[in-house]
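Hi everyone, thanks for making time for this.

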Protein chains: 2
Amino acid sequence: MSDPRLVRAIRGEPQARPPVWFMRQAGRILPEYRALRAEAGSFMNLAYNPKMAAEVSLQPTRRFPMDAAIIFADILLLPDALGQKVWFEAGEGPRLGDMPSIEAMQEKVETANEHLACIGETVSRVRAELEPDRAVIGFAGGPWTVATYMLKGRGGDREEARRYAFAQPEELDRLLTVLVEATARYMAMQVQAGAQALQIFESWAELLPEDVFERLVTRPHAAIVRRLRELGVAVPVIGFPRGAASLADEYAAGAGVDVVGLDVTASAALGRRLQQTVAIQGALDPLLLRAGGPALDARIDRLIEQWGGGRYIFNLGHGVLPDTPIENVARAVARVTGR
Amino acid sequence: MSDPRLVRAIRGEPQARPPVWFMRQAGRILPEYRALRAEAGSFMNLAYNPKMAAEVSLQPTRRFPMDAAIIFADILLLPDALGQKVWFEAGEGPRLGDMPSIEAMQEKVETANEHLACIGETVSRVRAELEPDRAVIGFAGGPWTVATYMLKGRGGDREEARRYAFAQPEELDRLLTVLVEATARYMAMQVQAGAQALQIFESWAELLPEDVFERLVTRPHAAIVRRLRELGVAVPVIGFPRGAASLADEYAAGAGVDVVGLDVTASAALGRRLQQTVAIQGALDPLLLRAGGPALDARIDRLIEQWGGGRYIFNLGHGVLPDTPIENVARAVARVTGR
């Protein structure tokens, strides 16, 4: 059986059209998601319940002819597995308990995948139900992004984390090293369970100078990819350093990923330059998807025109906004797929 | 008498070291500023008082061997001059009254410089007191950035402004057209009063797709530069589209500015590419200036090493943070100037 379209496109096999999926395609815009979320009682209950999480992952693929389902989970499941308790306050986002010592977390790296086994089961369930030409994407947070939550105990103030990066470089590097190893093992487990591509979500890659970006983002990603290959993982890895389009050339050259995710600010020229060495993914503005109309159609056509001649996965430059009309998602996917 | 070092460097005359100044070098980090600010009673009183504003502009040049003084003013003086009242709430930033109609503001464009005459007087006073080798820089806000404040009535939520850009493109374009003309006249007046370089602060250039960035940022800047030249202004123009390093190539090619300001994320390669056609300015991380120490020294050396061979103005990638130790500013300026 041949690989899904998304995987073939990443490998560079010519496609009649780019594969398409959307970050946060599973989630609040769908009433069937909101119903399951209410049933689960809490976000963590939903993420840790393989049957429900698989259903949430599959929901958008039933409505739209997406070329991939991404596993419904959260980047903070990993610190939870390393012993830093995570929960979600209604309307306020994630909260984390005290961060364990580096040594305590190092010990947990060996057994974290037991805690995360239910995510593997979610992957298996999605893979079993999804059509063969559609890919299952596993994911984890980038170590720097996850570290910003772990250090702060919540989301929000990344300036504080960046200050920490300047003030306590050695402690931060030790934390990143633990996260790299745990992330690689977690992603390898997802592939064993059936994931056919992996994405590293480095959501807070913005506002970093070149040398700091290399230390906090590019090198840890390269280490994850290297560990994945050592662990026998052969599937393509998508790296998404959000907010770092200005350092995408350096990232593509150093991170060892197969695909570079681009945010909304990526220029046509940047994408074409990157396509000489890697595949690219992105970069439709979620605000435009939300706005819809002829401007959305025109931008979709433009993105395909400028990048469709090379290795390109159509996607957003950030996640679907919660108040996006479902019909706009349908319209956009139809525009790309012709269906 | 020869031009100041900053102007000669922009023209490409070889310099023993790059000229240096810092965005927000005049302001809260200096106790002598805080004293004057308290005496003035309000931010607007200070900005509209030529004697005090000139003093504030000159304060950092007395402490540090900066190569330029930037006029102490605010980007919101222009909407104030166009009939949209502006004031500052303590600890909360700017507030703006109802936005007048486009027609009402168009009528005011002719007379706005009368309202802003005191800023011209500030420029004259600074030019009269500053040593000839140090430049006086005038400035205005970028039309898009100013428009985001005018539409919203305050700072903060740029997502709302970006939504507006998609939802009401024609109204926004009309507003930008008025702002372009008013900005060019205002800047020309500053040059008549003695400014030897001009900077366009486009503080909210981030998160815009390439086509939207061209419409909201590059083209209005090009129109300002064109109008300035029509008005007989020959001084160099620095364009600073903050957060848009990933679109800096396109900006440099289209905006017609002499210098492109770079934020902290600009790569060495990007700067060198730009230096083939324009001068560049930036891009030290204000967080690193605040942190100080050997890491600051090393980064300064690196920036000069990577860009000092071409047309380069040493500066920050954003403004000086209010809690930056004064000794760090002194240390950084000394590192660049050797004094």
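Let me begin with what I mean by an aromatic pair: rings of Phe, Tyr and Trp, taking the six-membered ring for Trp, are paired if their centres lie within 6.5 Å, and planes over 60 degrees apart make the pair edge-to-face. Please keep in mind that this is a predicted model. By that rule, there are 16 aromatic pairs over all chains. Take A:Trp307 and A:Tyr312: their ring centres are 5.4 Å apart and the planes sit at 75°, so this pair is edge-to-face. Are these two buried or exposed? A:Trp307 is buried, with a relative accessible area of 0%, and A:Tyr312 is buried as well, at 3%. Together with A:Phe22 and A:Phe314, A:Trp307 and A:Tyr312 form one aromatic cluster.

A:Phe22 brings us to the nonpolar core. The largest one has 264 residues, and the members that touch the most others are A:Phe22, A:Leu262, B:Phe22 and B:Leu262. If you click on B:Phe22, leaving aside residues up to four places away in sequence, you will find contacts that include B:Met66, B:Leu289, B:Phe314, B:Val320 and B:Val333.

Now, how do the two chains relate? Chain B can be laid on chain A by a turn of 180° with a shift of 0.0 Å along the axis, and the RMSD is 0.0 Å. The two copies are thus related as by a two-fold rotation axis. Which residue of chain B comes closest to that axis? That would be B:Ser246, whose C-alpha is at 1.9 Å. As for the interface, 100% of the interface residues of chain B are also interface residues in chain A, so the copies meet through the same surface.

One last stop: helix H9 of chain B, residues 143-152. This helix is mostly covered, with eight of its 10 residues buried; among them are B:Trp144, B:Val146, B:Tyr149 and B:Met150. Just after H9(B), look for B:Gly153, which takes a positive phi of about 85°.

That's my tour, and I'm happy to take questions.

Methods: Residues are numbered from 1 along each chain as its sequence is written. Chains are lettered from A and ligands numbered from 1 in the order in which they are written. This is a predicted model: local features need pLDDT of at least 70, side-chain atom pairs count only at pLDDT 80 or more; totals for chains, interfaces and linings use all residues. Side-chain values use heavy atoms; hydrogens and water are left out. Buried means under 20% relative accessible area, exposed over 50%, partly exposed in between (1.4 Å probe, protein chains only). Helices (H or I, at least four residues) and strands (E, at least two) are DSSP runs, numbered from the N terminus. Copies are superposed by least squares on the C-alpha atoms of residues with pLDDT of at least 70 in both. Contact means heavy atoms within 4.5 Å. A nonpolar core is a set of buried Ala, Val, Leu, Ile, Met, Phe, Trp, Tyr and Cys residues joined through side-chain atoms within 4.5 Å. Rings of Phe, Tyr and Trp (its six-membered ring) pair if their centres lie within 6.5 Å; planes under 30 degrees apart count as stacked, over 60 as edge-to-face and the rest as tilted.
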